[in-house]
Amino acid sequence: MHIHPSILSADFARLAEEIARVDNSDAIHVDVMDNHFVPNLTMGVPVVKAIRAATEKPLDIHLMIEDADRWAPDYADLGAESVTFHVEASGAPIRLARELRARGSKAAMALKPATPIEPYMDMLTELDMVLLMTVEPGFGGQSFLDVVLPKIRRARQAIEDAGVPIALQVDGGVAPDTIERAAEAGANVFVAGSAVYSADDPAQAIDDLRALARDAQS
């Protein structure tokens, strides 16, 4: 059970300190938004480059941007351990996944809540992770969409059928009262923003979320 705190909910004026507060996390989730693919603007290559220089923690880059085929490889070149592109924003997802791997990053594919997993099952062997959004992408603090739970179960079954070690990540509304449902459905990587950074002790919040997810799958 991996917990990736999203710095979208952190204090942007103190990012290095905010990252240090979650040293027990498995990776740092970085949301890149372009105000086109989603109605929000966050950060781009220069800020991610600065984050890379400020921490040795693995970086889990989530690109919510148009023309992912053009821009995603730049984030792999920065030294990100994992780069996630939205399949809705990629014209050639298999080629992009291979390009990310060739540049030294893990390749991950994200799907919005209403995007079905079935058309992409044959390309699972090209991926290291699948991210299923459990809110509409673009803003933090939204409520978890239980309607995505059946898709999580289908994705988990597809991964098991493919026989490949692919992580299944969920992002959106992950909190103590929702993480168990997502874990029971088959997710094993959880992005948590508000649930971590709104806590008095973010590190303890991560430990608590991880324990809840483990209990749900035990």
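Student: How many bridges join β6 to strand β7 (residues 167-171)?

Tutor: Five, and the two strands run parallel. Helices here are DSSP runs of H or I with at least four residues, strands are E runs of at least two, and both are numbered from the N terminus. Between them the chain goes from β6 through helix α5 (residues 149-162) to β7, a right-handed β-α-β crossover (with the strands pointing away from the viewer, the path from the first strand over the helix to the second runs clockwise). Keep in mind that this is a predicted model, where local features need pLDDT of at least 70, side-chain atom pairs count only at pLDDT 80 or more, and totals for chains, interfaces and linings use all residues. Residues are numbered from 1 along each chain as its sequence is written, and side-chain values use heavy atoms, leaving out hydrogens and water.

Student: Is β6 (residues 129-133) enclosed or open, and why?

Tutor: Largely enclosed by the rest of the structure, because five of its five residues are buried (under 20% relative accessible area with a 1.4 Å probe, protein chains only; exposed is over 50%, partly exposed in between). Met129, Leu131 and Met133 point one way, Val130 and Leu132 the other.

Student: What is the strand order in the whole sheet?

Tutor: It's an open sheet of eight strands, β1-β8-β7-β6-β5-β4-β3-β2, with parallel pairing. β1 (2-5) and β2 (28-33) are at the edges with a single partner strand each, so one side of each has no neighbour in the sheet. At the β2 end, six bridges link β2 to β3 (residues 59-64) in the parallel sense, and Met33 stands opposite Met64 in β3.

Student: How do α3 (residues 68-77) and α4 (residues 93-102) pack?

Tutor: Their axes are 9 Å apart, at an angle of about 15 degrees (axes are lines fitted to C-alpha atoms, for helices over the stretch in contact; angles run from 0 to 180 degrees between N-to-C directions). That makes α3 roughly parallel to α4 (under 35 degrees; over 145 is roughly antiparallel, 65 to 115 roughly perpendicular, the rest oblique). The contact involves Ala68, Asp69, Ala72, Pro73 and Ala76 of α3, with Leu96, Glu99 and Leu100 of α4; contact means heavy atoms within 4.5 Å.

Methods: Pairing = 2+ DSSP bridges.
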